[in-house]
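Welcome! Here is a short tour for anyone meeting this structure for the first time.

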Amino acid sequence: MNIENLSSQELSALIKRANSRRKVLAKRKPANQTKAAVARLLKAAGWSFEELFGKGGTAAAPAKRAARKGKAKSGSKVAPKYRNPAKASETWSGRGRQPRWLAALTGAGHKADEFLIK
């Protein structure tokens with residue numbers, strides 16, 4: 001944050017926010033005291049800090065905590081909307097990148113609507 005470009009009102013507001021943040025932080029106990037209190041509580045419950053949070057002290061990776069539910073939304077099938085007149089097996093749903101055969105035909109002056117499946 002570049003405070004050189006701030007007006008006096010913006011600086012006053014920033015100072016006010018900083019002072020309120022300082023008050024919040026001053027009320028906190030030091031992190032090592034809090035961690036020790038949590039460790040005592042976990043020990044009383046029969047757990048260790050590492051069992052719950054790993055060696056780094058952070059929560060386990062989301063993939064390990066929760067399994068995915070349901071099918072993935074990407075990759076769902078859509079009915080074809082366009083057909084290549086030269087090769088009927090080549091179709092396109094209208095989603096994603098335009099296929100080469102349709103790009104070549106539209107580049108030659110045709111309109112994509114000419115190749116709609118009726």
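## A first look around

Leucine 11 has a relative accessible area of 30%, so this residue counts as partly exposed; buried means under 20%, exposed over 50%, and partly exposed in between, with a 1.4 Å probe and protein chains only. Leucine 11 belongs to helix 1, which covers residues 8-27.

Before going further, please note that this is a predicted model, in which local features need pLDDT of at least 70 and side-chain atom pairs count only at pLDDT 80 or more, while totals for chains, interfaces and linings use all residues. Residues are numbered from 1 along each chain as its sequence is written, and side-chain values use heavy atoms, with hydrogens and water left out.

The chain contains 5 helices and 2 strands, arranged along the sequence as α-α-α-α-β-β-α. Helices (H or I, at least four residues) and strands (E, at least two) are DSSP runs, numbered from the N terminus. Of the 118 residues in the chain, 8% are buried.

The largest nonpolar core has 5 residues, namely Tyr82, Trp92, Trp101, Leu102 and Phe115. Such a core is a set of buried Ala, Val, Leu, Ile, Met, Phe, Trp, Tyr and Cys residues joined through side-chain atoms within 4.5 Å. In soluble globular proteins, nonpolar side chains tend to be buried together.

Is asparagine 84 buried or exposed? Asparagine 84 is buried, because its relative accessibility is 7%. Its side chain makes a polar contact of 2.5 Å with the side chain of glutamate 90. A polar contact is a pair of N or O atoms within 3.5 Å; within protein, one must be able to donate a hydrogen and the other to accept it, and residues adjacent in sequence count only if both atoms are side-chain atoms.

Glutamate 50 is part of helix 3 (residues 49-53).

| Residue | Relative accessibility | Class |
|---|---|---|
| Leucine 11 | 30% | partly exposed |
| Glutamate 50 | 47% | partly exposed |
| Asparagine 84 | 7% | buried |
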